[in-house]
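Dear colleague,

I should be grateful if you would read the notes alongside the coordinates.

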Amino acid sequence: MIVTIYTLFPNLVEPYLQEAILARAIHEGKLTVQIRDLRRFAGNASGRVDDAPYGGGAGMVIRPDVVTAALNEVTQDEPPPNETVLLTPAGERATQRTMEDLATQTHICLVAGRYEGFDARAESRFDRHLSIGDYVLMGGELPALVVLEAVARLLPGVLGDEDSHRHDSFSTGLLDHPQYTRPAVFEGEAVPDVLTSGHHANVAQWRRRTALERTAKVRPDLIDPKKLTPDERAWLTALQHNNNEDDA
Ligand code: SAM
């Protein structure tokens with residue numbers, strides 16, 4: 001897969017690719033990342049890409065010709081991007097499903113903004129507008145890296161254990177279950193017995209139920225009762241009933 005990132009600050013993005021799993025994936029050719037400087041399309045010696053907003057007001061806006069030139073350039077790539085993605089707080093909010101969708105593409109192009117963002121006429125040229133959450137950052141570099149990393153870990157061979165992302169939060173439709181490692185007792189708190197029992201079915205049931213419990217408590221909006229077994233629905237109802245009694 002190829003991921004092309006256009007940014008006004010390539011030096012913010014590049015170091016992140018030089019460590020850990022992303023660096024290995026790139027080194028092993030499982031992923032190609034192209035970082036490109038948007039300022040090349042400034043069209044002036046000073047490298048200025050922004051201008052004042054029509055209608056007045058604070059901040060500056062990135063000119064449409066700059067972004068359009070970048071999109072025209074990347075379209076000439078072989079293969080061209082299947083998806084061009086504008087990073088903006090005003091976009092659809094990214095979820096694990098979005099990342100799964102992007103991970104099926106052969107080439108995605110991510111464009112990171114700065115200042116007040118982009119001229120609306122350039123925004124309309126993108127396939128997708130993506131927000132990484134309901135807060136505003138200073139620039140699109142971190143959002144681009146968030147998308148890159150979330151997508152990269154879904155690509156075949158990138159994670160050491162092929163199966164590990166399938167059990168992660170959201171991929172299962174629930175948050176992940178609690179995890180434990182050595183020592184067996186830490187500051188007086190022991191690992192749950194079931195995890196040291198060697199009984200695989202009980203471990204699986206414990207993991208599923210603790211995931212369900214955690215999700216019901218923290219992110220009840222994620223739970224789709226249709227995706228639970230009748231046993232799990234009954235267990236969850238009993239748990240919620242007990243919790244309500246405890247609260248009363
Ligand atoms: N005026 C814009 C607004 O209120 O929607 C905010 C612009 S922000 C200061 C500058 C750039 O940061 C944006 O063009 C975008 O690329 C990036 N950015 C900031 N927050 C983001 C978020 N939550 N998701 C994706 N991109 C974001």
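Arg128 forms a salt bridge with Glu83, with 3.1 Å between the closest N and O atoms. Because Arg128 belongs to strand S7 (residues 128-131) and Glu83 to strand S5 (residues 83-93), this pair ties together parts that are 45 residues apart in sequence. Both Arg128 and Glu83 are buried. Please bear in mind throughout that this is a predicted model.

Arg128 forms a salt bridge with Asp101 as well, and here the closest N and O atoms are 2.7 Å apart. This pair again links distant parts of the chain, since Arg128 is in strand S7 and Asp101 in helix H4 (residues 96-102), 27 residues apart.

The structure holds 17 salt bridges. Among them is the one between Arg40 and Glu73, whose closest N and O atoms are 2.9 Å apart. Arg40 lies in the loop between strand S2 (32-37) and strand S3 (50-51), and Glu73 lies in helix H3 (residues 64-75), so the contact ties together parts that are 33 residues apart in sequence. Arg40 is partly exposed, at 46% relative accessibility, and Glu73 is partly exposed too, with a relative accessible area of 24%. These two residues belong to a network of salt bridges that links Arg36, Arg40, Glu73 and Asp77.

Turning to the sheet, five strands form an open sheet in the order S2-S1-S6-S5-S7, with parallel pairing. S2 and S7 stand at its edges and have a single partner strand each, so one side of each is left without a neighbour in the sheet. From one strand to the next, the twist averages 30 degrees. Within the sheet, strand S1 (residues 2-7) pairs with strand S6 (residues 107-111) in the parallel sense over five bridges. Helix H3, which carries Glu73, lies across S1, S2, S5 and S6 and runs at about 160 degrees to S1.

Two further helices deserve a note. Helix H6 (residues 141-152) has twelve residues, which should span 16 Å at 1.5 Å a residue; its end C-alpha atoms are 16 Å apart, so the two values agree. H6 is mostly covered, with nine of its twelve residues buried. The buried residues are Glu141, Pro143, Ala144, Leu145, Val147, Leu148, Ala150, Val151 and Ala152.

Helix H7 (residues 200-218) has 19 residues and reaches 27 Å from its first C-alpha to its last, close to the 27 Å expected at 1.5 Å a residue. Which residues of H7 are buried? They are Val203, Trp206, Thr210, Ala211, Leu212, Thr215 and Ala216. An α-helix has 3.6 residues a turn, so residues three or four places apart point the same way. The buried residues of H7 pack against helix H8 (230-247).

With kind regards

Conventions
Residues numbered from 1 in each chain as written. Predicted model: local features only at pLDDT ≥ 70, side-chain atom pairs only at ≥ 80, totals over all residues. Heavy atoms only, no water. Helix = DSSP H or I, 4+ residues; strand = E, 2+ residues; numbered from the N terminus. Expected span 1.5 Å × (residues − 1). Buried < 20%, exposed > 50% of the residue type's maximum accessible area, 1.4 Å probe, protein only. Salt bridge = Lys/Arg side-chain N within 4 Å of Asp/Glu carboxyl O. Contact = heavy atoms within 4.5 Å. Pairing = 2+ DSSP bridges. Axes fitted to C-alpha atoms, helices over the stretch in contact; angles between N-to-C directions.
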